[in-house]
Amino acid sequence: MRLWISRLSSLLLAPLSMLAGVFRAAPAHADGSGVLKVLGPLAYAHAHNDYEHERPLLDALGHRFTSVEADVWLVDDELFLGHFDPDPTRTLRDLYLEPLAALVTANDGSVHPSWDGTFQLLVDVKSGGVEAWQVLERQLAAYDPVFSLCRDGSVQVGPVTVILSGQRDRLAMAAAPLRRAFYDATFDDLDSDLPAGLVGMVSASWIDHFTWRGIGPFLARRRLHALVARAHAAGWPVRLWGAPAVVRHNRRRIWQVQLDAGVDWINTDHLDELAHFLARRRPTRLWSRRGITDRLHRHPGPGR
């Protein structure tokens with residue numbers, strides 16, 4: 001009897017042991033192998049300053065990320081990549097727009113194979129302001145229908161959605177009858193009567209709102225939950241950037257606190273670590289394009 005019970009226990013526990021071994025040992029290769037390939041795209045994962053990685057865009061895609069960030073500078077009617085200065089050898093078009101369009105074609109209308117979500121490209125404008133946005137709009141138009149667009153307040157969600165951050169003009173973007181970039185809002189914008197189809201996301205600095213660095217108890221949990229809930233009521237997903245990230249244990253605690261509050265995009269430079277963190281702790285949440293269309297059509301009323 002004891003032998004029979006022992007064998008039965010071994011049979012029942014074997015699959016769990018195998019799965020645990022995959023989570024413990026499988027690397028997040030750039031080809032998307034291992035556990036990340038099994039789980040599919042990670043809808044919370046945002047690659048901060050993605051262009052600084054060894055293989056811009058491709059490393060993030062290999063780790064199953066669904067959002068990347070690129071800083072751009074306007075020089076001679078072209079958008080060059082760079083954080084403190086433009087790199088004259090690298091453009092947004094060459095490292096992001098062209099590869100994304102090629103992937104959408106190769107994967108039958110999706111950046112990730114067999115995925116119904118929209119991939120997010122956050123473009124942080126470092127110079128040029130409105131003129132840089134206009135150049136971006138012209139470049140995006142050349143790839144129709146790859147990029148989401150808003151025409152007279154009506155949103156058509158495509159395989160890739162572009163969010164405009166940094167130097168941006170909210171009024172100019174709101175006045176455009178046709179747009180392929182969506183506005184990166186702030187929590188202060190929740191008190192504004194913004195038109196439907198304008199906002200794609202709300203971004204805020206962690207250290208501007210919270211002093212917690214992942215050490216000890218998080219005493220502002222209710223305030224974080226309230227901020228996220230208010231943004232979600234307006235139909236806006238949330239990204240918090242600039243959280244302390246030097247110590248691994250502390251940054252993981254901050255990631256978990258953000259996930260618990262419903263933060264939609266976890267901002268990181270540590271692709272492999274966040275990918276495995278998400279794979280272990282939360283199931284992949286896929287936003288369908290229909291759901292994103294509904295979200296982008298929503299907007300808050302004054303003081304909401």
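Threonine 161 touches Thr118, Phe119, Gln120, Leu121, Ser148 and Phe182, residues up to four places away in sequence not being counted; contact here means heavy atoms within 4.5 Å. Threonine 161 is buried, at a relative accessible area of 6%, where buried stands for under 20% relative accessible area, exposed for over 50% and partly exposed for values in between (1.4 Å probe, protein chains only). The model is a predicted one, in which local features need pLDDT of at least 70 and side-chain atom pairs count only at pLDDT 80 or more, while totals for chains, interfaces and linings use all residues. Residues are numbered from 1 along each chain as its sequence is written, and side-chain values use heavy atoms, with hydrogens and water left out.

Threonine 161 belongs to strand S7; strands (E, at least two residues) and helices (H or I, at least four) are DSSP runs numbered from the N terminus. Strand S4 (residues 119-125) pairs with S7 in the parallel sense over 7 bridges, pairing being assigned if DSSP finds at least two bridges between two strands. Within this pairing, leucine 121 has valine 162 of S7 as its bridge partner. S7 also runs parallel to strand S9 (residues 181-185), to which 3 bridges join it. There, leucine 164 is bridged to tyrosine 183 of S9.

A separate description applies to the open sheet of 3 strands, whose order is S6-S5-S8 and whose pairing is antiparallel. S6 and strand S8 (178-179) are the edge strands with a single partner strand each, so one side of each has no neighbour in the sheet. The antiparallel pairing of S5 and S6 comprises 3 bridges, and leucine 149 stands opposite glutamine 156 in S6. The loop between S5 and strand S6 (154-156) contains aspartate 152. Aspartate 152 is not a glycine, yet its phi is positive, at about 55°; its relative accessible area of 65% makes it exposed.

Two further backbone features were found in loops. Most residues other than glycine have a negative phi, and most peptide bonds are trans. Arginine 64, in the loop between helix H3 (58-62) and strand S2 (65-75), has a positive phi near 70°. With 12% relative accessibility, arginine 64 counts as buried. The peptide bond from aspartate 144 to proline 145 is cis, with omega near 5°. Proline 145 is placed in the loop between helix H5 (129-141) and strand S5 (149-151).

The structure holds 6 aromatic pairs. Rings of Phe, Tyr and Trp (its six-membered ring) pair if their centres lie within 6.5 Å, with planes under 30 degrees apart counted as stacked, over 60 as edge-to-face and the rest as tilted. Tyrosine 143 and phenylalanine 147 form an edge-to-face pair, at 6.1 Å centre to centre and 75° between the planes. Tyrosine 143 and phenylalanine 147 are both buried. Trp206, Phe210, Trp212 and Phe218 are linked into a cluster by ring pairs.

Helix H8 (residues 221-233) has 13 residues and reaches 18 Å from its first C-alpha to its last, close to the expected 18 Å, the expected span being 1.5 Å times one less than the number of residues. Leu224, Val228 and Ala231 are buried in H8. Seen down the axis of H8, its buried residues fall within an arc of 60° and so line one face of the helix, the arc being that of the directions from the helix axis to the C-beta atoms. An α-helix has 3.6 residues a turn, so residues three or four places apart point the same way. The buried residues of H8 pack against strand S10 (199-205), helix H7 (206-209), strand S11 (238-241) and helix H9 (248-261). Glycine 235, with a positive phi near 90°, follows H8.

Over the chain, there are 11 helices and 12 strands. Of the 304 residues in the chain, 52% are buried. Among contacts in the chain with a separation of 6 or more, 66% are between residues 24 or more positions apart.
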